[in-house]
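I am opening my notebook on a new structure. I will look up a few places and write down what I find.

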Amino acid sequence: MDLARLTAWLDGIVPPRVPELAAMEAQAARTGFPIIGPACGQVCYLLARIAGARSVFELGSGFGYSTAWFARAVAENGGGKVHHTVRDHALSERARTHLTALGFGELIHYHVGESVQALREADGPFDLVFLDIDKTGYPDALPVIWGRLRPGGLLLADNLIWSGRIFDPEDASEETAALREFTRLVTHDPAWAATIVPIRDGLLVARLTDE
Ligand SMILES: C[S@@+](CC[C@H](N)C(=O)[O-])C[C@H]1O[C@@H](n2cnc3c(N)ncnc32)[C@H](O)[C@@H]1O
């Protein structure tokens, strides 16, 4: 099966986005900025909605595209907070402009700095944590996420397939090694019930135990 074709088809069945969100997609396509895209955004929105999430913490939020999907779910779940974190001040400002235009201004808390450190310092617990930072940072982020999610909370993490490099025996890069280690940690720990949904670049979906 042709994966690029599948991804394009899955993106194509997502309902049309409001103009501001569509403009963010066009901007990402034009500049090559790595956003989760419509099909993965729709999965994130659905999972947050199904889980009834009202407090979401994002690690690696970019210019706010993934944040917008979570903010929509939180708004429809009755309101709450979505934490946007990115180390680049200009990206944070761009996100603020977009998310305000989308009508989510009141829902978002902006942190500029290192995302894992921001999570350490944040008041939890959170219903849902979304991980999309530099891939080498994934394994060390896990215990911090574990400590900030509520029992039964949801962890979503992007890029677990890493364009297929994850199962390429020749690939020994730091990023790939970190993603393999992260996958091993989550899938071998009985505290998590986890799988990887092979949408776009692979979305890890993991539920923290109630105990
Ligand atoms: C993949 S992009 C985020 C895309 C975003 N989640 C979306 O789908 O719209 C990751 C962003 O997080 C930033 N970043 C990476 N690692 C980070 C870290 N440890 N702390 C803060 N920001 C980080 C990157 O500079 C980049 O802007």
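I began with a side chain: that of Asn77 reaches the backbone oxygen of Ala53 at 2.9 Å. I count this as a polar contact, a pair of N or O atoms within 3.5 Å; within protein, one must be able to donate a hydrogen and the other to accept it, and residues adjacent in sequence count only if both atoms are side-chain atoms. The side chain of Asn77 also reaches the backbone oxygen of Ala48, at 3.1 Å.

A note on the source: this is a predicted model, where local features need pLDDT of at least 70 and side-chain atom pairs count only at pLDDT 80 or more, while totals for chains, interfaces and linings use all residues. Residues are numbered from 1 along each chain as its sequence is written, and side-chain values use heavy atoms, with hydrogens and water left out.

Where does Asn77 sit? I found Asn77 in the loop between helix H4 (65-76) and strand E2 (81-86). Helices (H or I, at least four residues) and strands (E, at least two) are DSSP runs, numbered from the N terminus. Is Asn77 buried or exposed? Asn77 is buried, because its relative accessible area is 15%. Buried means under 20%, exposed over 50%, and partly exposed in between (1.4 Å probe, protein chains only). Leaving out residues up to four places away in sequence, Asn77 touches Ala48, Arg49, Gly52, Ala53 and Arg54. Contact here means heavy atoms within 4.5 Å.

**The ligand**

Next I looked up the ligand. I found 19 residues surrounding the ligand, the closest being Ile36, Ser66, Glu114, Ser115 and Asp132. To be near, a residue needs a heavy atom within 4 Å.

- A polar backbone atom of Ile36 is 2.9 Å from an oxygen atom of the ligand.
- A backbone N or O atom of Arg87 lies 3.2 Å from a nitrogen atom of the ligand.
- A side-chain N or O atom of Asp132 is 2.9 Å from a nitrogen atom of the ligand.

Taken alone, the ligand exposes 610 Å², and the protein buries 90% of that. These areas come from the Shrake-Rupley method with a 1.4 Å probe; for residues, only the protein chains shown count as cover.

Most residues other than glycine have a negative phi, and most peptide bonds are trans. I looked for exceptions. Gly124 and Pro125 are joined by a cis peptide bond, with omega about -5 degrees. Pro125 is in the loop between helix H6 (115-121) and strand E4 (126-131).

Trp162 is not a glycine, yet its phi is positive, near 55 degrees. I placed Trp162 in the loop between strand E5 (149-157) and helix H8 (174-188). Trp162 is buried, since its relative accessible area is 14%.

Arg200 also has a positive phi, about 50 degrees, without being a glycine. Arg200 is in the loop between strand E6 (192-197) and strand E7 (203-208). At 33% relative accessible area, Arg200 is partly exposed.

**Two helices**

Helix H1 (residues 3-12) is hardly covered: among its 10 residues, the count of buried ones is 0. At the start of H1, a side-chain oxygen of Asp2 comes to within 3.0 Å of the backbone nitrogen of Ala4.

Last, I checked Thr97, in helix H5 (residues 89-101). Thr97 is exposed, because its relative accessible area is 55%. Thr97 and Gly64 are 33 residues apart along the chain, and their C-alpha atoms are separated by 9.2 Å.
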